[in-house]
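Please read this short briefing beside the sequence and the 3D view, taking each topic in turn.

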Amino acid sequence: MTLDARIPSGSIDKAWEKTLFDMKLVNPANKRKHTILVIGSGLAGASAAASLGELGYNVRCFCFQDSPRRAHSIAAQGGINAAKNYQNDGDSVYRLFYDTVKGGDFRSREANVYRLAENSVKIIDQCVAQGVPFAREYGGSLANRSFGGALVSRTFYARGQTGQQLLLGAYQALERQIRAGKIKMFPRTEILDIIVIDGQARGLVTRNLITGDLSVHMGDAVVMATGGYGNVYYLSTNAKGSNATAIWRAYKRGALFANPCYTQIHPTCIPVSGDYQSKLTLMSESLRNDGRIWVPKAKGDKRPPNQIPPEDRDYYLERRYPAFGNLVPRDVASRNAKNVCDEGRGVGETGLGVYLDFKDAISRLGEQTIRERYGNLFDMYQRITDEDPYKVPMRIYPAIHYTMGGLWVDYYLQSTIPGLFVAGEANFSDHGANRLGASALMQGLSDGYFIIPYTVGDYLAKAKPGKVDESHPAVREAVVAVQQNIDRLLSIKGKRTVDSFHRELGKIVWEYCGMSRTAQGLEKAIGEIRALREEFWQNVTVPGSGKDLNQSLEKAGRVADFFELAELMCIDARHRNESCGGHFREEYQTAEGEAQRDDEHFSYVAAWGYTGPDSAPALNKEPLEFEYVHPSQRSYK
Amino acid sequence: MKLKLKIWRQRNSSDKGKFVDYAVDQVNPEMSMLECLDVLNETLIERGEEPVAFEHDCREGICGSCGFMINGVAHGPERATTVCQLTMRHFKDGQELVLEPWRARSFPAIKDLVVDRRSFDRIIEAGGYVSVSTGNAPDGNTIPIGKDVADHAMDAAACIGCGACVAACPNASSALFTGAKISHLGRLPQGQIEQDQRALNMVAQMNIEGFGNCTNIGECTAACPKEIPLEVIATMNRDYRRASRKSHKNHVRSVRPMTEWSNGSKLDIDPHATS
């Protein structure tokens, strides 16, 4: 398959403007005749649904939670980037573009990233107008802070709850359109398949999680904004319900899956405390602005942190990266934490942790300032660990946090299935092999407020999807397949719980396809995943029926998809014989232990296509061309 | 440590429901209340029983999905803490915990500890927003907002919509939830244009949904995991009274409450058909 990303020709700073002008418009009076199905109500989904509703389309929006306000965008803490240059520190659209391409280790598409940087400024304006209570300076202007991986102060924030406030802004815009009758909301509804008719995305098979009823929803276009797949790892910072089922069904229906091995490990999470652990809690990266990261110099130094004198401490990030210090990008910070722990210098009971110490910042700025900046994060840490971070250094360890990979989309955010658009973390487009801090919120809202509403219209005007209804054989086929899958899960009645399989799957993927990977390890992982998947389909037990609220059944369906996705992640990681961003292959590193890219052979997007249940996925390549930001070895020294 | 759990089990909204006793022997003081239920559920599933249904998602205290009563207290004994962040170190070895769902007419029961909180969404739908469409916005710094004003708005905006305030209130009032949104938006210049209409519509919706009246008891703010201050209710009352006085021009518009689970179109296909 040749992949046409439909990147506009000409100068990059005019590309989006030109694309907008070249788009075909839908007659305002005809918009209400089109139904658009939006899956997910996070930043990307809610903003897309609301904006499409405002334009006059009929929108149906689906989420599995009890309310659209619960989507996991809500948990983002630190902030959202925008190239406003309010701080007069030399920021610009071009600099944000440059930083994002470089931060992504030269594995993202330049045109998309430039557009993202352009849209960033409009996002802030839109959110302020909605009443998002961003932090302010005493004079009344918007406040900014700097964030991991950036040397300018371009991050806007609302205490440590930026994601919550942005999501509530989008949720309120969504509710306004629900009231206006333009959006019909379907909470507690899971998408179990996508219906493709004559090569176009035309509908969804859904299951109501309360009644167990299956339904079909037909439409003229589908927007998937279902988030990332970090829950493959079982332990992640994702919400428990976050899942890949919708994008995985789309993959099986013909959408390509791009760069599945690009996963991001967040460096500042609270370490695991025991086997019962159900998820990992992230502490905002903004903590690295004032906290200093260290471990003891000597292996097995079990002294309490305040009894370890400065000369026995290794501030390893400051030592190795004098220019960026504790503010190096996430992948670099995470890998270094793993390395010092592998050397036996980790702290805490498990030895899987490093200190994040605020003592110097408190003596420099005073406890009050630190409390104002990070009070809620410190409280959260204390609540979980029962330790006071104002007195004792925090212990942190990396955890899976974000997935850069996702469904392949072109410049219009359309997947390889015409009429299926993918927005937010669910697509692969803007972050390359590593996402910069405070850029996920930016991308979700850029896609939802400022891209999808135009590109979906252009598709409808050009493709003119005709009328189809539920009597089409493809609809019947999809519904029957979904029901069979549910029946099969309920009928196995084996001995092991869904969670026990999920935990075991997570351990395999974390071990071999986590912070560092080897060809040999990945090979082993693929074998183990297949064996475990086989056991799952013979020995899982799902109590209850499919006729009411059955949380075990929901989990079972999601985990079944995670098995297949985990294998594809390992296949992708094994094929990419280089290290880039979050994908670190031990065989490919510089003498200093940094990631070594191979631009000659791997400067492309790996977009995998489904070929059948037991056959190997087909690799398609979208070559990446860098006209503006020339690939270089990332250096944060 | 070991705990005795007395948990409300109810198959569905038409089932009467009852308390069932369980013993959990492997409680680690570091685990959260929800992880403790996970451990119980794993044993129940292995025994072939149905696990306890409870709502949860982010498990870091921000999504507002989780919540139930522990010994009669919404979200349990720790202040400013949701059940997903409540660690077991706050309980004693051998203690008995009674877990039951939020009980309020406007939160119909679904199953075990899960209730239907869509009435909250409808209160927001009635007017909890600024009517600004995408693309309408001027530069973010055009309207300066004092730090104290923004901080104040943020205090109210921090509400996670979990429903603990309703569950804690003897009248099952949603005044704290509604007041929080009215206060958040009403404090900011962007939200002040619709202040009157917002108060009228949202208060009307609360009443239609069947939430009780506020009688200034204050249980709501004590139970609130985000410590939303009681003054948001005073703000709501003030806005409502002011709007009511000049209401001859205002038309109150509310949204129809809904208890059924809408499913889109009725499915014509027999999903069990083979072919």
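In this predicted model, Trp608(A) has Leu619(A) of strand β19(A) as its bridge partner. The strands β18 (residues 604–609) of chain A and β19(A) pair in the antiparallel sense, and six bridges join them.

**The sheet in chain A**

- Four strands, in the order β16-β10-β18-β19 (chain A), form an open sheet in which the pairing is antiparallel.
- At the edges of this sheet are β16 (406–407) and β19 (618–623) of chain A, each of which pairs on one side only.
- Helix α17 (residues 551–575) of chain A lies across β10 (257–258), β18 and β19 of chain A, and it runs at about 145° to β18(A).

**Two helices in chain B**

- The axes of helix α2 (residues 118–127) of chain B and helix α7 (residues 195–209) of chain B come within 8 Å and cross at roughly 155°, which means that α2(B) is roughly antiparallel to α7(B).
- The crossing of α2(B) past α7(B) is right-handed, and the residues that make the contact include Ile123(B) and Ala126(B) of α2(B) together with Met202(B) and Met206(B) of α7(B).
- Sorted by class, the contact of α2(B) with α7(B) has five nonpolar, five polar and three charged residues.

**Where chains A and B touch**

- The contact takes 77 residues from chain B and 77 residues from chain A.
- Among the elements of chain B that give two or more residues to the side touching chain A are α1 (33–46), α3 (147–157) and α5 (175–187), and the largest share of that side, seven residues, comes from α1(B).
- By class, the side of chain B that touches chain A has 33 nonpolar, 25 polar and 19 charged residues.

Definitions and conventions
Residues numbered from 1 in each chain as written. Chains lettered and ligands numbered in written order. Predicted model: local features only at pLDDT ≥ 70, side-chain atom pairs only at ≥ 80, totals over all residues. Axes fitted to C-alpha atoms, helices over the stretch in contact; angles between N-to-C directions. Parallel < 35°, antiparallel > 145°, perpendicular 65-115°, else oblique. Left-handed = near helix turned anticlockwise from the far one by under 90°. Contact = placed C-beta atoms within 7 Å. Nonpolar A, V, L, I, M, F, W, Y, C, P; charged D, E, K, R; others polar. Pairing = 2+ DSSP bridges.
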